[in-house]
Amino acid sequence: MKRKKAGPSGIPDIPLQRTSQAKAAEAGIASVREGRLKLYDERADNVRRFLDLIKERITRPVAASMVGCVHCGLCARSCHYALTRPDDPTMTPVYKADQIRRVFKKHLDWTGRIVPWWVHARVPAGDEDLVRLKNIVFGTCSMCRRCSFNCPMGVDTAVLIRWTRGILTELGIVPEGVFTVNRDQWETGNQMGVSDRDYLETLDWMADELRTEPGMSGAVVPVDRPDCDFLYVINPRVIKFDPRSIAHAAKVFHAAGESWTMASLGWDMTSFGLFSGDDRLGARIAGAVYEAADRLRARRGIPIRSLSTIPATSPAPGGSSASRAASCGPSARTSGRWSPTEPRIIAARVGADCCPRRSIVPSGSRSPGSRPISFGRPAPSSPARCATIVSTA
Ligand code: SF4
Ligand code: SF4
């Protein structure tokens, strides 16, 4: 059978854009000055630095995914990029992973030294190759991990992609948009560059709006209230584009009679470092939330999208529908550890059904792993009324 000729590749051909980097350098912003936010240096030997970082950052899971692939191609069936462009081999997970795998093989693996032609071992020839790698790892993979579930060898392509992103971020070889969001999160503590004043004024505004609704005259959006059961943290996008989510959450807390608060510092629940591969940024932002929890002595944390799935018309507790534990989605990865991409977990005293995808189980019979985000403090009193709601949003 005649082999079908591959069409043009869907890999974006985007040069390294440096407008924002140049402005950041010119402005001498703190994160650049202090070396936290990295800029591209065209005079540096970036290929050498890239290879050094590969050696420095290699871990056992990364190495396992580097050597584990048998090139069976099964993962292509699960990748939405490959499914969207079925005739384009460069969209398959194995192709994307191979672009970093071949460097690993040349640089660190014995196969690349003995049979380099067989394993296609190759190091980048110059910065152009690194820019192409940038376009692959940032532009053709959403790190959804569907391919990992389809791989008989347990290869985790998303881990390789994120790992490579982190190395390129260290070299300043990132898309312009990634650079600006990294910059904003380093500089302001939130990924949308929302000022403290805008944040606090928006909370006030939402509280005022909420109190105009029937039965909500006593509702508040508390800030920095100590010793609450719940610390509510949000996506900064909410402040910028649709703060009504905050009013909706406040309504649920008010109807449930919960003790809750928001924080004036450490309120961004998103971790752009997770996306860009910048572990230090991820640690800084997640750390700020934990610091807020410590400072306020909050018992549990609630990321935003968990509450947004609860109908704003939830009945007050005590009715025929008793408090329930609701879980949404698989719990295979809900080990109880809170990381930015793990399922959102909340606990609230509401007696309401949630989204149609949710399965409702009685309070006290949570599925394994459906644990609230705990800051290591005693759970709220009256556990009989306390339900846990788990969402993979
Ligand atoms: S399914 Fe796994 S082993 Fe097969 S090509 Fe994809 S990553 Fe490699
Ligand atoms: S992790 Fe990346 S390569 Fe794998 S299925 Fe998702 S988008 Fe495709």
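**Notes on the model**

1. On the crossing of two helices: α3 passes α11 in a right-handed crossing, where a crossing is left-handed if the near helix is turned anticlockwise from the far one by less than a right angle and right-handed if clockwise. This is a predicted model, in which local features need pLDDT of at least 70 and side-chain atom pairs count only at pLDDT 80 or more, whereas totals for chains, interfaces and linings use all residues. Residues are numbered from 1 along each chain as its sequence is written, and chains are lettered from A and ligands numbered from 1 in the order in which they are written.

2. On the geometry of that pair: helix α3 (residues 46–57) and helix α11 (residues 157–170) pack at an angle of about 135 degrees, with their axes 10 Å apart. That angle makes α3 oblique to α11, given that angles under 35 degrees count as roughly parallel, over 145 as roughly antiparallel, 65 to 115 as roughly perpendicular and the rest as oblique. Helices here are DSSP runs (H or I, at least four residues), strands likewise (E, at least two), numbered from the N terminus.

3. On the contact itself: from α3, the residues F50, L53, I54 and R57 meet W163, I167 and E170 of α11, contact being C-beta atoms, placed from the backbone, within 7 Å. By class, the residues of this contact are five nonpolar, no polar and two charged; Ala, Val, Leu, Ile, Met, Phe, Trp, Tyr, Cys and Pro count as nonpolar, Asp, Glu, Lys and Arg as charged, and the others, Gly among them, as polar.

4. On ligand 1: 13 residues surround ligand 1, the closest being C69, C72, C75, C151 and V155, where a residue is near if its C-beta atom, placed from the backbone, lies within 6 Å. The shell comprises 10 nonpolar, three polar and no charged residues.

5. On ligand 2: 14 residues surround ligand 2, with C79, P93, C141, C144 and C147 the closest. The elements giving two or more residues to this shell are α6 (93–107), α10 (146–150) and α11. Its classes are eight nonpolar, three polar and three charged residues.

6. On backbone angles to check: H71, in the loop between α4 (60–67) and α5 (80–84), has a positive phi near 55 degrees without being a glycine. H71 counts as exposed because it has 11 C-beta neighbours inside 10 Å (buried is 20 or more, exposed 12 or fewer, and partly exposed in between). D227, also not a glycine, has a positive phi of about 60 degrees.

Methods. Axes are lines fitted to C-alpha atoms, for helices over the stretch in contact, and angles run from 0 to 180 degrees between N-to-C directions. Two residues are in contact if their C-beta atoms, placed from the backbone, lie within 7 Å.
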